[in-house]
Amino acid sequence: FSVHKCIKDVYGKPYVPGSSVKGMLRTALMCALILEDRASFLDDYADPTRRDKASRADRAMQRHAFWRDMFYDCDGRQQSNDIMRYVSVSDSASLSVDDLVFVKKYDKFSKRDDGRHKHDMGNISDEAYYEGNELNIYRECIKPGTTITCTLSVDDRIDGFLPFGSLDAVSLSKVL
């Protein structure tokens, strides 16, 4: 079987990369922004000109939420300034290996995917068609409930782009 190991520092201690925390924060902000102005994001999603609705809608919604100040670079390519550039997150402080658990990967099928084409991927049975697929892959994961510590720096310039005001401790707690 295969084991995907948790990222560790030079001393062999696990930690959470700042980019992972920033990605989680980006997703939480995206949800907050959609809840703040559902109608305009629905327009991004419901555009009838899209062939591949899911991925193109996601890109349109990301642009709507985070991209500002469009400009062209020296090669004539369109560039944007993402408002998340105003947020910086450090890697977490090192954790203990006792904060890790060993978890088996499991693929949950969508309602439209009965999994019949995935017989060779794991321990699927006829009863499991609408359930999922147990894979022979394991991961080291950080235990649920583990507290991580990292430094979050927010440049005040992001505040002008957020409909709910500043991105301070109070608004962050609401977003999260």
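Select Ser-171 and Ser-166. The side chain of Ser-171 reaches the backbone oxygen of Ser-166 at 2.6 Å, a polar contact (N or O atoms within 3.5 Å, one able to donate a hydrogen and the other to accept it; residues adjacent in sequence count only if both atoms are side-chain atoms). This is a predicted model: local features need pLDDT of at least 70, side-chain atom pairs count only at pLDDT 80 or more, and totals for chains use all residues. Residues are numbered from 1 along each chain, and side-chain values use heavy atoms, without hydrogens and water.

Stay on Ser-171. Its relative accessibility is 9%, so Ser-171 counts as buried (under 20% relative accessible area; exposed is over 50%; 1.4 Å probe, protein chains only). Ser-171 sits in helix 4, residues 169–175 (helices are DSSP runs of H or I, at least four residues; strands are E, at least two; numbered from the N terminus).

Next, select residues 38–45, helix 2. Color Ser-40, Phe-41 and Asp-44: these are buried. They cover an arc of only 95° around the axis, so they lie on the same side of helix 2. The arc uses directions from the helix axis to the C-beta atoms. Now look at the face turned away: Arg-38, Ala-39, Leu-42 and Asp-43 are exposed there.

Zoom out to the protein chain. It has four helices and seven strands, in the order β-α-α-α-β-β-β-β-β-β-α from the N terminus. How much of the chain is buried? Buried residues make up 28% of the 176 residues.
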